[in-house]
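Please look over the sequence and the structure first.

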Amino acid sequence: MGASGTGPFENDAAMDMLDDIVTGNFNGVESIEWAFDDPDYLEVDGGQMAIALGALIRSERGEPGPEVPEVERADFRFDITPELITWVRTQISRALSGPETSEAYGLWAESDGLDEWLKVSRSAMPSVS
């Protein structure tokens, strides 16, 4: 892992995604779908981006959650739709499912930070409504 911390934006993949959002190079899920191609195993980048996207959605909707960097609403060039929320919830669930199906989980399981990462990552899950 490059940069790694338990917060949703304390890793390279999430910061790269955030940079894409701020610079206008993020056009929704299509921008990151490459990281979610394997239905049986979620690579670390996918897990990190899903958790960060969930935290951004929670913040944008005024829901309590993990700390997120300041992002202007104008930077969001994608709509937060019920379909997007369902997709993000599914991907976060995949990231938190265990080391057999999630690389991020497996990496955290090898460290002393697993419990904190799980707690923070669960708090990034956007609500359904």
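A salt bridge is a side-chain nitrogen of Lys or Arg within 4 Å of a carboxyl oxygen of Asp or Glu. The model is predicted, so local features need pLDDT of at least 70, side-chain atom pairs count only at pLDDT 80 or more, and totals for chains, interfaces and linings use all residues. Residues are numbered from 1 along each chain as its sequence is written, and side-chain values use heavy atoms, with hydrogens and water left out.

**Salt bridges**

How many salt bridges does the structure hold? There are two. Both are tabulated here.

| Salt bridge | N to O distance |
|---|---|
| Arg58 and Glu63 | 3.3 Å |
| Arg61 and Glu63 | 3.6 Å |

Arg58 counts as buried because its relative accessibility is 13%. Glu63 also counts as buried, at 17%. Arg61 has a relative accessible area of 28%, so it is partly exposed.

**Negative patch**

Which residues gather in a patch of negative charge on the surface? They are Asp12, Asp16, Asp19, Glu30, Glu33, Asp37, Asp38, Asp40, Glu43 and Asp45. Patches take residues with over 30% relative accessible area and no salt bridge; like charges are joined within 9 Å. Asp and Glu count as negative, Lys and Arg as positive, and His and the chain ends are not counted. A charge is placed at CG of Asp, CD of Glu, NZ of Lys or CZ of Arg. Accessible areas come from the Shrake-Rupley method with a 1.4 Å probe.

Helix H1 spans residues 12-23 and gives the most to this patch, with three residues. Helices are DSSP runs (H or I, at least four residues), numbered from the N terminus. Asp19 lies in H1. Its relative accessible area is 44%, so Asp19 is partly exposed.

Asn11 sits in the segment before H1. Asn11 is buried because its relative accessible area is 6%. Its side chain reaches the backbone nitrogen of Ala13 at 3.4 Å.

Helix H2 covers residues 44-60 and contains Ile57. Is Ile57 buried or exposed? Ile57 is buried, with a relative accessible area of 0%. Val29 is 28 residues apart from Ile57 along the chain, and their C-alpha atoms are separated by 13 Å.

Key. Patches are made of residues with over 30% relative accessible area and no salt bridge: like charges are joined within 9 Å, nonpolar side chains (Val, Leu, Ile, Met, Phe, Trp, Tyr) within 5 Å. Helices (H or I, at least four residues) and strands (E, at least two) are DSSP runs, numbered from the N terminus. Buried means under 20% relative accessible area, exposed over 50%, partly exposed in between (1.4 Å probe, protein chains only). A polar contact is a pair of N or O atoms within 3.5 Å; within protein, one must be able to donate a hydrogen and the other to accept it, and residues adjacent in sequence count only if both atoms are side-chain atoms.
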